[in-house]
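Visitor: Hi! Could you walk me through this structure in plain words?
Guide: Happy to, let's take a look together.

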Amino acid sequence: MDPEDVPAGGRSMSAVSVVDRRVGAAGQAVRDVAPLALPIAPFAMAVGAATAAADISLVAGWLGAAILLAGSAQLVLTETLVSGGGLFAAAGAAILVNARFAMYSAGFAHWFAEVPRWKRLLLAIPLVDQQ
């Protein structure tokens, strides 16, 4: 076997192909994303606990996650509202926390210059920072 046939993980391409056929595309996707998704679980539980403790409705909690796209912004928004801050203060704080994504997207812009705008907007959804 040639050294260039061995990927960075050290397994030969034939071994990877066998695993791919055995677990299928969905299984491969789960295995590929697990190192990033597993550390998010405790943070997601913290956001859920803060939302529940704030007596925010389930619908508002889920909508906040879908609209804000960042647990840290959702925590800031929730805590600002619970502590008596106004809606504009809470929204402004959440916007400031999410402003870091503008810098991330500026860094990626040259790779996606030829991609249509609607696809770039969809690609922004899974953009996360794993700190």
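**A chat about the fold**

Guide: In the protein chain, residues 24 or more positions apart account for 48% of the contacts with a separation of 6 or more. Contact here means heavy atoms within 4.5 Å.

Visitor: What should I know about the model itself?
Guide: This is a predicted model, in which local features need pLDDT of at least 70, side-chain atom pairs count only at pLDDT 80 or more, and totals for chains, interfaces and linings use all residues. Residues are numbered from 1 along each chain as its sequence is written, and side-chain values use heavy atoms, with hydrogens and water left out.

Visitor: How many helices and strands does the protein chain have?
Guide: There are seven helices and zero strands, so the labels just count along from the N terminus: helices (H or I, at least four residues) and strands (E, at least two) are DSSP runs. Along the sequence the pattern reads α-α-α-α-α-α-α.

Visitor: And what percentage of the residues count as buried?
Guide: Of the 131 residues of the protein chain, 16% do. Buried means under 20% relative accessible area, exposed means over 50%, and partly exposed is in between (1.4 Å probe, protein chains only).

Visitor: Let's zoom in. Which residues of α2 are buried?
Guide: V47, A50 and T51 are buried in α2. Seen down the axis of α2, its buried residues fall within an arc of 100°, so they line one face of the helix. The arc is that of the directions from the helix axis to the C-beta atoms.

Visitor: Why would residues a few places apart point the same way?
Guide: An α-helix has 3.6 residues a turn, so residues three or four places apart do that.

Visitor: What do the buried residues of α2 pack against?
Guide: They pack against α3 and α4. On the face of α2 turned away from its buried side you find the exposed residues P42, M45, A52 and A53.

Visitor: What comes just after α2?
Guide: D55 is there, with a positive phi of about 60°. D55 sits in the loop between α2 and α3, and D55 is exposed, with a relative accessible area of 70%.

Visitor: New topic: how far does α5 reach?
Guide: Helix α5 (residues 87-98) has twelve residues and reaches 16 Å from its first C-alpha to its last, close to the 16 Å expected at 1.5 Å a residue. The expected span is 1.5 Å times one less than the number of residues.

Visitor: Which residues are buried in α5?
Guide: A90, A94 and N98 are buried there. They cover an arc of only 70° around the axis, which puts them on the same side of α5. The buried residues of α5 pack against α3, α4 and α6 (100-108). F88, I95 and L96 are exposed on the face turned away from the buried side of α5.

Visitor: What does N98 touch?
Guide: Not counting residues up to four places away in sequence, N98 touches L68, A70 and A73. N98 counts as buried, at 18% relative accessibility.

Visitor: Where is Y104?
Guide: Y104 lies in helix α6 and counts as partly exposed at 29% relative accessibility. The C-alpha atoms of Y104 and L127, 23 residues apart along the chain, are separated by 8.3 Å.

Visitor: Last one: where is L69?
Guide: L69 is in the loop between α3 (58-68) and α4 (71-82). At 38% relative accessibility, L69 counts as partly exposed.
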